[in-house]
Amino acid sequence: MGSGSECKSLLQAFYYDEVDGIKKFGFEAIFRFLLSPRYQAAVLLRWQRIFYLRSNKYLGKKGKINAHVRNINYFLSQLVHRINFTFNGGIDVSPLAQIGRYLFITSPAGITFGGTCVISEHLIIHQGVNIGERNGKFPTIGNNVHVYSGAHVLGDVNVGDNSMIGAMTLVIKDVDPGTVVAGIPAKTIRVITDKG
Ligand SMILES: CC(C)(COP(=O)(O)OP(=O)(O)OC[C@H]1O[C@@H](n2cnc3c(N)ncnc32)[C@H](O)[C@@H]1OP(=O)(O)O)[C@@H](O)C(=O)NCCC(=O)NCCS
């Protein structure tokens, strides 16, 4: 996915979440938004993947030019990864992770999206979260999921749509759609209703 729709979706998220006092969408909102590590982290991880996939397209192709294109794209992917990691709070994302639109990173500090994890749309994620490997497998996260700080979601698990994962929770089994889970290991603590 390009950064155009990422920009639009994050702009919406950022505007509603943070830009209090600005009644109308305007320059100040854009200015604050562009300076935000939240925005930068979410856009840079897209570019990291784009360069990585471009480099992979040239794998196995012979010839000097193909090797140069492959290496330059690989280098750019690594460069973007390091810039994101260093300047946006230690966010470490695998270029193979498939991340859907409307990702909203509240605090890009110590967040990992590992290996081939799959993230659908509208994920809200807080600091210190690990979406990572267990027994060589990676999670699939549904739409409209909210993962609170310090949670670990590991291995071949499906996190259902509209669910919430509490702070410091360890998820190693599937999470039912529309539920709140918490604890180590995660247990359902309530079902989400229309009232929240
Ligand atoms: C998971 C969460 C959203 C649930 O909120 P809630 O639905 O209002 O639930 P409650 O606070 O009423 O707690 C219900 C029960 O679950 C337990 N519980 C809640 N969150 C828990 C957690 N993260 N880990 C373990 N147990 C938890 C409570 O102790 C309570 O147990 P009890 O009934 O035996 O007393 C919330 O507790 C949470 O973890 N929020 C994260 C906040 C956060 O990360 N803030 C930083 C953001 S920057």
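Let's start in the loop between strand 14 and strand 15, which is where P185 sits. The peptide bond leading from I184 to P185 is cis, and its omega is near -10°. Keep in mind as you look around that this is a predicted model.

Which residues come nearest to the ligand? Of the 14 residues around it, they are Y148, S149, G166, A167 and A182. Strand 14 (179–182) and strand 15 (187–191) are the elements that give two or more residues to this shell. Sorted by class, the shell has seven nonpolar residues, six polar ones and one charged one.

Now step back to see the whole chain. You can find four helices and 15 strands in it, and buried residues make up 30% of its 196 residues.

Where do buried nonpolar residues gather? In soluble globular proteins, nonpolar side chains tend to be buried together. Here, the largest nonpolar core has 38 residues, and those with the most contacts inside it are A42, I119, V147, A151, V153, I165 and V171. Helix 3 (37–57), strand 10 (152–154), strand 12 (164–165) and strand 14 each give two or more residues to this core. Helix 3 gives the most, with eight residues. Because domain 1 (1–89) and domain 2 (114–196) both give residues to the core, it lies between them.

Take I119 as a guide to its surroundings. Leaving aside neighbours within four places in sequence, I119 is in contact with A97, Q98, I99, G100, L103, F113 and I141.

Which of its residues are buried? They are S77, V80, H81 and N84, and what covers them includes helix 3. An α-helix has 3.6 residues a turn, so residues three or four places apart point the same way. After helix 4 comes G89, whose phi is positive, near 85°.

Positive phi values also turn up in residues other than glycine. One is Y102, with phi near 60°, in the loop between strand 2 (98–99) and strand 3 (104–105). Another is N144, with phi near 55°, in the loop between strand 8 (140–141) and strand 9 (146–147). Are they buried or partly exposed? Y102 is partly exposed, because 19 other C-beta atoms lie within 10 Å, and N144 counts as partly exposed with 19 C-beta neighbours inside 10 Å.

Technical notes: Residues numbered from 1 in each chain as written. Predicted model: local features only at pLDDT ≥ 70, side-chain atom pairs only at ≥ 80, totals over all residues. Near = placed C-beta within 6 Å. Nonpolar A, V, L, I, M, F, W, Y, C, P; charged D, E, K, R; others polar. Core = buried A, V, L, I, M, F, W, Y, C linked by C-beta atoms within 7 Å. Buried ≥ 20, exposed ≤ 12 C-beta atoms within 10 Å, placed from the backbone. Domains from an automatic or database assignment. Contact = placed C-beta atoms within 7 Å.
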